[in-house]
Amino acid sequence: ALIGPPDGLTAGPARGTIRRDSLVDTLQDLLGRTDAFGALRDDEAAEIARRLRPFRVETGESLFRQGDAPTATFVIESGSLELVQRALGGRDVVLDRLGPGAVFGEFGMITGQPRAAAAIALTEVRGYSLDTEEFHGMVLLSHGAAFGLLRTLSRHLCGKLRDLNQTEAARLAADGPGEPLVSPWIRKPDVVDPPGSPSDETCRLLGVLPFFREFSDTEALDLARTMREWRVPRGRTVFSEHAPGDSCYVLVRGAVEIAMHVGPRRHRLAVVGPGRVFGEVSLLDGAPRSATCTAREDAVLLEFDASTFQRLMDERSSIAMKFLVGINRSLIEAIRRSSTRMAGGRPTDDGPFPAVDEIAGLTATPAAVVDRDRRRHRYDAEELLNRIRASIIGDDVVVDGPFGPRRVLYADY
């Protein structure tokens, strides 16, 4: 059953227990075989391994349920399970099947958002978990292993996002031609005035921007002073697809459109507003830009370049730790947007790209997205407010009202 107590779950030692036995070597080897943890240094992997706790789930039982708090990140040693979502209308949809070496639950560890699916054991599953609260404690203490894990996860998330973008590009290539691509490669904002130090006005705004929410006022100001401020008029390109990328940008004012070109076809991916980050993928993996970014309105940007990023990573300071947390959250948001677009583009019930019901924060099959009756449901006002607070320009929700469902487009930033 999808919903029920996780009776089959057997936990290991209490939170905070640090392993000091020969099992650490075995766990390091297990971590090294995973995509998410494989790039950890030996000392970092050993520290994480000492904090892992074993778990076991019986066949047919739940490791966690949809809507649960993200209490841990899991690594499967043996067995298999499936991630199942309860769609609107009460239908269960299998999103993925995972086996030995799979890592899951890391999104919740970074964002703190509830589980978007249940994990149901297909066979007896054994593995190890990293407690979310313990990891957050390591982050607060600027522990080296936590820094290494955040850095490794950022590369892992970059790979996931690039894979999604390539899949989307292949789909768009099969859809036929669009408007012609005429813009040459642009590496830096296409403006007359050169960049400068952040203005006093920009510095005053840092505390209200989502990217800086984990920073103290002093830390945010210190980080901003390592950046360059650009003022980009409406319609000008910040950087173009396929151009070499050596920086990311934090949007302070205005709006920026992110678009992908496939041959002559242009496809809008998102429009982001103040406090959002873009361009971080190329900064992290060094590969060319995967999209073109254009100012939709007069924009003020803070640029963080590769040399400054490397110095920050070498310092491994609390500011560097918080910077990585913000970058990883941005990558996760982009992955979820891409998954949602893919769901809308391929109306299948069991594909790997679930559509998102923006009100409840749960996922639904594409069929449910267009089904009028399934959209007529009650919603919690606080959930809706939380969704709006986390929205970017162009996000939309469907709410039920006295005259039937109505689509609400988020355009106020």
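Hi everyone, let me start with rings: the count here comes to 14 aromatic pairs, where rings of Phe, Tyr and Trp (its six-membered ring) pair if their centres lie within 6.5 Å. One aromatic cluster is formed by F211, F212, F215, F304, F309 and F323.

A quick word on what you are looking at. This is a predicted model, in which local features need pLDDT of at least 70 and side-chain atom pairs count only at pLDDT 80 or more, while totals for chains, interfaces and linings use all residues. Residues are numbered from 1 along each chain as its sequence is written, and side-chain values use heavy atoms, with hydrogens and water left out.

Staying with rings, which residue has its charged end over the ring of F64? That is R115, at 4.3 Å from the ring centre. R289 does likewise with F239, its charged end being 3.9 Å from the centre of that ring. For the cut-offs, a charge sits over a ring if NZ of Lys or CZ of Arg is within 6 Å of the ring centre and within 35 degrees of the ring normal.

Now the sheets. Strands (E, at least two residues) and helices (H or I, at least four) are DSSP runs, numbered from the N terminus, and two strands pair if DSSP finds at least two bridges between them. An open sheet of 4 strands has the order β1-β8-β3-β6, with antiparallel pairing. Its edges are β1 (53-57) and β6 (103-104); each has a single partner strand, so one side of each has no neighbour in the sheet. Between β3 (residues 72-78) and β6 there are 2 bridges, and V75 stands opposite V103 in β6. Helix α1 (residues 23-32) packs on this sheet and touches β3 and β8 (125-131), with a direction at about 95° to that of β3. Contact here means heavy atoms within 4.5 Å.

Another open sheet of 4 strands runs in the order β9-β16-β11-β14, and its pairing is antiparallel. Inside it, 6 bridges join β11 (residues 247-253) to β16 (residues 299-305), antiparallel to each other, and R253 has V300 as its bridge partner in β16.

There is also a hairpin to show you. Strands β4 (residues 81-86) and β5 (residues 92-98) run antiparallel and share 6 bridges, with R86 opposite D92 in β5. The hairpin has 5 residues between the strands, and G89 takes a positive phi near 95°.

Finally, the helices around α5. Axes are lines fitted to C-alpha atoms, for helices over the stretch in contact, and angles run from 0 to 180 degrees between N-to-C directions. Helix α4 (residues 132-140) packs on α5 (residues 144-173) at about 105°, with the axes 7 Å apart. That makes the two roughly perpendicular, a label for angles of 65 to 115 degrees. The contact involves F135, M138 and V139 of α4, plus A145, A146, L149 and L150 of α5. What classes are the residues in the contact of α4 with α5? They are 7 nonpolar, no polar and no charged. In this scheme, Ala, Val, Leu, Ile, Met, Phe, Trp, Tyr, Cys and Pro count as nonpolar, Asp, Glu, Lys and Arg as charged, and the others, Gly among them, as polar.

Helix α2 (residues 42-50) also packs with α5 at about 105°, with axes 9 Å apart. From α2 the contact uses E44, E47 and I48, and from α5 it uses G144, A145, G148 and L149. This contact of α2 with α5 divides into 3 nonpolar, 2 polar and 2 charged residues.

How values were computed. Angles under 35 degrees count as roughly parallel, over 145 as roughly antiparallel, 65 to 115 as roughly perpendicular and the rest as oblique. Rings of Phe, Tyr and Trp (its six-membered ring) pair if their centres lie within 6.5 Å; planes under 30 degrees apart count as stacked, over 60 as edge-to-face and the rest as tilted.
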